[in-house]
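The entries below keep the order in which I looked things up.

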Amino acid sequence: MIKNYLLTALRSFAKNRFYTFINIVGLSIGAACSILILLWVVDELTYDRFIPKSDRLFQLWVNSDFDNKINSWRSVPLPTYEALKSIDNNIKNTVVTDWGGHHLLTFGEKKLIMKGHYVSEEFLEMFEFPLIYGDASVVLDDPSSIVITESTAKAFFGDTDPLNQVIRVDDKGELKVTGILRDPPKNSSFEFDYLLPWKYRRQIIPWVKDNEDNWGNYSFQVFVELSNSAYADEVNESIKLVLQEHGEVDLKPELFLYPMERWRLYSNFENGKEKGGMSDFVQLFGLIAVFIIIIACINFMNLSTARSEKRAKEVGIRKSVGSHKFHLVFQFLSESMIISFFACVLAVLFAQLALPFYNDLVEKELFINYKSWEFWVVSFGLALMIGFVSGSYPAFYLSSFQPIRVLKGSIQQGRRASWPRKILVTFQFAISIFLIIATMLIYEQIRLVKNRQLGYNQQNLITIDLNDELKKNYRALKTELLQSNLVESTTISNSPVTEIHSNNFLGWPGKPEEQRVLFTTITCQYDYAKTMGVKILEGRDFSEDFVSDSSAIIVNKAAMDLMKLEDPLGTELELWGGKRTLIGVIDNILMGSPYREVKPLFMIMDDWGGYITLRISATDNLQASLKGIEKIYKKYNPAYPFDYEFADVEFQEKFATIEMTNTLAGVFASLAICITGLGLFGLAAFTAEQRTKEIGVRKVLGATVFSIISLISRDFSKLVIIAFVVTAPLAWWLLNMYLDRYPVRIDIQFWIFPVTGFIVLSFALFIVTSQALKAAHVNPANTLKDE
């Protein structure tokens with residue numbers, strides 16, 4: 001019987017090659033899109049899950065109620081690292097780390113700037129990154145040790161045994177390689193090429209040791225391992241008031257544990273509660289994958305049911321010779337399953353071919369693991385699901401025909417029979433319309449934030465990491481660079497102009513006692529405003545002509561709007577228990593998220609800086625200028641390579657996620673409407689074929705080509721218009737909610753909706769008209785000769 005079903009299915013495919021081709025291509029493109037999306041979704045959902053104890057690992061966060069809201073952050077005082085070990089018996093271990101940074105590693109003549117972390121000795125025992133060589137319990141115990149990844153070992157030592165080799169770090173200390181790690185996966189919250197002992201950091205950076213008893217410096221990351229994740233709520237109660245118990249009472253900060261399994265997807269907080277994150281994009285693309293599959297399945301349903309009259313006699317004969325409805329349902333489902341499995345094989349092939357381009361787009365290293373049983377189970381399940389979803393309605397519909405009516409030729413498909421098809425086609429267009437509107441709105445949102453006033457000039461602005469040698473020779477370096485005319489200006493600051501590295505509270509006359517506002521903090525040397533191209537609205541910049549500027553302060557326009565000082569210049573502001581004189585007001589600088597309003601900011605003169613910023617002189621040969629700067633740089637900092645970042649490039653990286661979202665949404669919206677168009681092409685072709693004799697009669701009676709095209713196009717145009725009318729307000733409502741997450745957002749413009757409707761309607765009419773035109777030019781003598 002199965003053999004008979006298979007032969008019948010193959011004969012049906014061969015007889016209807018055109019419609020079989022449309023079904024297979026539509027399903028395979030839809031399935032390929034879904035495979036690519038699911039690869040990305042799975043990669044996001046499995047972030048950090050390679051760590052065996054990920055369910056028991058947490059990061060220490062702080063909630064603090066000020067500025068009329070609960071603020072949440074993940075930097076804590078250093079003493080919490082040791083204090084938490086004895087607070088609760090359910091805390092198995094704690095780890096402290098820095099925020100990660102780039103350091104110069106030197107071995108022989110090889111010098112590479114690579115990314116690494118300072119970590120306490122428990123790090124590898126807690127996170128269990130796999131070691132190829134070394135013992136996790138001891139590799140970081142010695143302050144003069146270093147643990148490197150497999151790639152780092154290969155870069156420095158090739159095939160030579162790297163263990164016990166000595167690497168020089170930052171031209172300061174010589175550290176012995178005590179362990180080799182496998183490279184961390186790309187979907188890891190920790191990205192590093194090496195690990196340095198926290199004990200070594202304590203030796204070379206005095207302020208680290210000074211902060212071991214300082215409960216007021218929130219500059220460190222602390223991680224906690226519990227004996228069982230079920231005790232998390234109990235531990236949270238135990239640690240909640242630790243900071244207040246150690247004198248931090250002004251802000252009433254409360255500690256809490258944030259689970260590792262939520263770091264990637266839910267790390268955005270608003271008023272002390274989770275407010276989405278990457279989970280929003282995971283859900284969005286998960287829905288797009290489902291919708292694309294549904295669109296492809298609808299094509300199959302529509303073409304199968306539309307052609308039901310062609311198979312009505314087959315159903316009648318089978319039932320008259322004893323076939324039960326079950327047998328017919330199984331026959332039609334088996335046909336859809338065969339098409340589905342063949343389409344899924346093609347889908348895997350398409351996905352594999354598209355992967356290199358897709359990986360460039362999403363900036364990942366995704367791959368299809370053909371050795372994984374999960375892949376084959378999911379693929380088999382996807383094929384079954386597509387086959388069942390797309391084939392179930394046609395199977396039950398076709399098997400319901402009555403044999404007597406069919407064989408007497410009395411079965412006719414009235415208007416009601418076409419309603420389900422019309423509803424499904426409308427749904428297809430509704431999805432396509434929504435995706436197009438969403439793509440256009442996201443593009444407009446990106447354009448808005450990219451065109452915001454930055455408050456500084458990005459042109460020819462480069463940033464260089466400041467090390468001890470550069471700090472020592474900075475004055476000489478600055479003088480020679482300016483004399484060379486290669487740069488217009490230079491300064492030192494605690495952060496690049498595209499990042500915020502410090503926030504602090506500031507007091508001013510008339511401030512309500514209960515009001516606490518965090519100000520973005522810039523510590524800098526002379527010429528900051530000049531170098532960055534920041535406009536001074538009132539007063540002046542820091543100047544070497546004024547010795548008192550060491551106790552002066554400059555604020556931005558947002559700070560002035562907050563403080564409402566009538567005569568600001570000369571006002572005494574309170575900072576860290578002391579007074580500073582306000583000497584200037586600068587324009588707002590967009591340093592943080594481009595989707596948020598600029599925060600109040602203050603600048604002070606201080607040696608606490610980590611970056612040199614250079615304003616390169618206007619030139620037609622930028623590369624020649626950079627080579628000249630490098631030559632001077634190497635004179636004062638010979639141990640380090642000349643490594644720099646352009647401010648405009650760093651700024652563009654802020655848009656990586658939303659631009660990826662927009663590009664993917666655009667690509668998948670295009671594919672969705674193409675799949676819809678493919679199904680519409682098949683339906684239009686069948687409609688024209690079905691109405692061939694009617695068209696012939698109309699032509700004999702004098703109908704024009706235009707009237708025949710209008711006749712066939714009218715019904716399809718109505719479906720597109722209905723889809724637009726239903727989808728447009730829904731899209732406006734949903735996308736408004738999506739945009740509300742951004743404090744700086746576009747107002748949805750009305751023009752987007754009619755433009756989208758016009759695009760989709762034109763696309764549908766082009767497809768339908770091509771088939772209607774073909775039918776309209778058929779000679780009626782050929783279609784009516786048998787009548």
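I note at the outset that the model is predicted. I looked for cavities of 30 Å³ or more and found that the structure holds three of them. I then turned to the second largest cavity, in which about 50 Å³ of space lies.

Entry two, the lining. Which residues line the second largest cavity? I listed Ile464, Leu477, Leu481, Ile612, Leu614, Ile629, Tyr633 and Phe642, and on sorting them by class I counted eight nonpolar, no polar and no charged residues. Going by secondary structure, I found that at least two lining residues come from each of helix H17 (474-483), strand E24 (611-616) and helix H20 (622-636).

Entry three, the helix pair. How do the axes of H17 and H20 cross? I found that the two axes come within 10 Å and cross at roughly 155°; because angles over 145 degrees count as roughly antiparallel, H17 is roughly antiparallel to H20. I also recorded the crossing of H17 and H20 as right-handed.

From H17 I listed Ala476, Leu477, Glu480 and Leu481, which meet Ile629, Ile632, Tyr633, Lys635 and Tyr636 of H20. By class, the residues of this contact divide into seven nonpolar, no polar and two charged.

Technical notes
Residues numbered from 1 in each chain as written. Predicted model: local features only at pLDDT ≥ 70, side-chain atom pairs only at ≥ 80, totals over all residues. Heavy atoms only, no water. 1 Å grid on protein atoms, 1.4 Å probe; cavity = no way out; pocket = protein on both sides within 12 Å on 5 of 7 lines; lining within 4 Å. Points joined across faces, edges and corners; volume = space filled by probe spheres on them. Helix = DSSP H or I, 4+ residues; strand = E, 2+ residues; numbered from the N terminus. Nonpolar A, V, L, I, M, F, W, Y, C, P; charged D, E, K, R; others polar. Axes fitted to C-alpha atoms, helices over the stretch in contact; angles between N-to-C directions. Parallel < 35°, antiparallel > 145°, perpendicular 65-115°, else oblique. Left-handed = near helix turned anticlockwise from the far one by under 90°. Contact = heavy atoms within 4.5 Å.
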